[in-house]
Amino acid sequence: MQTLFDTIDNAIFKPLAERMRPLELADYVGQVEIVGEASGIKKMIENDTIPSMIFWGPPGVGKTTLAKIIAHQTKASFHELSAVTSGVKEIKEIFEIAKMNQMNGKKTILFVDEIHRFNKSQQDAFLPYVENGNIILIGATTENPSFEVNAALLSRMKVFVLKSLEKEDLLKILKRAHEKYYSNIKIEEACYSFIAEFAGGDARQALNTLENLLSIVDKNNVTKKDLEKMMHKKTFLYDKFGEEHYNLISALHKSMRNSDPDAALYYTARMLESGEDPLYLVRRLTRFASEDVGLANPNALVQAVSTLEAVKLIGMPECNVNIAQLVVYLSVSPKSNALYKAYEKVKKDALATTHLKVPLHLRNAETKLDKELGYGKGYRYAHDFCSGVTDMVCLPKELENRKYYEPTNHGNEKNIKEVMKKIEEIKKQEK
C-alpha cells in the first residue's frame with residue numbers, strides 16, 4: 001500500500017533517472033538484439049525460466065533496469081547488492097532469505113551491481129547457491145567478465161552484452177521524462193539532441209542533465225542557449241564521440257611524441273575536465289607506451305599499466321594526477337617506433353604467407369609418427385651452447401633473411417642494438 005511518504009519520496013527525493021526506470025519489458029528502450037520480440041530474454045521471462053546471467057556493458061545502458069524488470073515480471077523475490085558497498089554479512093543474509101524462499105516455492109533473484117569488484121573468495125561464495133538453485137544470480141559489470149569473473153562462476157552464467165544507447169533511444173527517454181514530469185515547461189527541440197549527444201549513449205547521464213537543467217533554469221520556455229549557460233565549464237561543447245574528441249586525443253598523442261610535456265598536460269586536462277572517460281585516456285596512453293616509446297624505455301608500459309590500475313582504484317577526479325604523471329613520463333621518455341614498424345611489416349608477411357608451414361626442426365615430436373616424419377630433427381637447444389645462441393634458422397625458408405625489428409639509437413634501444421649485433425656475430429661464428 002502506497003503511503004504519503006512513498007509519494008513524496010518518488011516525487012522529490014529520487015533522481016529522475018530512478019523515477020524513469022520502467023518495470024515492464026514493453027517500456028524498456030534500446031538493446032533490441034537481446035530484448036526484442038524474438039530475443040532469448042523475452043522468451044525466458046514469458047516462460048519463467050530465468051538462468052543466472054551477467055549483463056556486460058558501459059554505464060547507463062539499462063543493466064540494472066533489465067534485472068529489475070526480470071524480477072518484477074517473473075514475480076521473484078528481488079534483492080540488490082553493490083559490490084562496492086556490500087560485504088560478507090549482507091551476502092549471507094540474502095542466502096538465508098533465499099533458502100526460506102525456496103522452501104516456500106518462491107524464486108530469489110540476487111542482482112549484484114559491479115560484480116567484477118568482488119574478490120575471488122567473495123565470488124566463490126556464490127557458486128554453491130547458483131549450482132543448487134537457491135538463487136538466480138544476475139551480475140552487472142562494465143568490465144570484460146572473461147577477465148573479471150571467476151571462471152567456475154562464469155561457466156554457470158549466461159553473458160549478455162549491452163551496447164551504448166543510440167541517440168534515438170536517448171531522445172525517446174528524454175521526451176518521455178519531459179512529458180511525465182515537466183509537461184508544464186516548454187523545451188526547445190534542439191535541447192534534446194544536444195543532451196543526447198553529450199550523454200554518449202548513457203541514459204542516466206542524459207536524464208541527470210535534463211533534471212539539472214530544469215531545476216536551475218527559472219522559466220517556462222527553455223532554449224539551447226539556457227542549456228549552454230547552465231555549465232560554467234564548456235562541458236557540453238566536448239562531444240566524446242565527435243570530431244573534437246579525436247582532435248584532442250590526436251593533439252595529446254603528437255605532443256607526447258614531440259616530447260612536449262606542457263602541451264600534453266594541457267590536452268589531457270581539456271579532455272578530463274570535459275568529462276572524458278579516464279579509462280579510455282589511459283588505454284590510449286598504454287598504446288602510446290609501446291607504439292611511440294617501445295623498448296627505448298621498456299618501463300613505460302609498466303608505468304601505463306600501473307596507472308590503469310590506479311585509475312580503476314580511485315576514479316575521477318582523484319585519478320587525474322595519476323594520469324598527469326603518466327603523460328609527463330611518456331613525454332620525456334626516449335622515443336622509438338621500431339616495434340610499431342616491425343609489427344606492421346611482419347603483419348603483411350604473416351597475412352601473405354599463411355600457407356607456409358612451421359619448419360620441421362621447430363615442431364614438437366609428440367608421437368612416433370611425428371618422429372618418423374622428421375618433427376624436431378635438427379633442432380639445436382640453445383642452452384647446450386656456451387654462448388646461449390645457435391646459428392639455427394627459425395623463420396620459414398621462404399622468409400629466411402627477413403629483418404623486421406630494427407632498433408634505433410634512442411634510450412635503451414641503443415643497448416639492444418649492440419646486443420643484436422653481438423648475437424649476429426656469434427651466429428656467423430657458429431656457421
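In which sense do strand 1 and strand 5 pair, and over how many bridges? Keep in mind that this is a predicted model. Strand 1 and strand 5, the latter covering residues 158-161, pair in the parallel sense, over 4 bridges.

Next, the cores. In soluble globular proteins, nonpolar side chains tend to be buried together. The largest nonpolar core in this model has 29 residues. Those with the most contacts inside it are L174, L207, L210, L213 and L214. Several helices supply at least two residues each to this core: helix 2 (16-19), helix 10 (167-181), helix 11 (189-199), helix 12 (203-216) and helix 13 (224-230). Apart from this core lies another, of 24 residues, and V35, I41, A76 and L162 are among them.

Back to L213 for a moment. Setting aside residues up to four places away in sequence, L213 touches I195, V222, D226, L227 and M230.

Last, a charged residue. D169 lies in helix 10. Is D169 buried or exposed? D169 is buried, and it has no salt bridge. Leaving out neighbours within four places in sequence, D169 is in contact with V29 and G30.

Terms used. Residues numbered from 1 in each chain as written. Predicted model: local features only at pLDDT ≥ 70, side-chain atom pairs only at ≥ 80, totals over all residues. Heavy atoms only, no water. Core = buried A, V, L, I, M, F, W, Y, C linked by side-chain atoms within 4.5 Å. Buried < 20%, exposed > 50% of the residue type's maximum accessible area, 1.4 Å probe, protein only. Contact = heavy atoms within 4.5 Å. Pairing = 2+ DSSP bridges. Lys, Arg positive; Asp, Glu negative; His and termini not counted. Salt bridge = Lys/Arg side-chain N within 4 Å of Asp/Glu carboxyl O.
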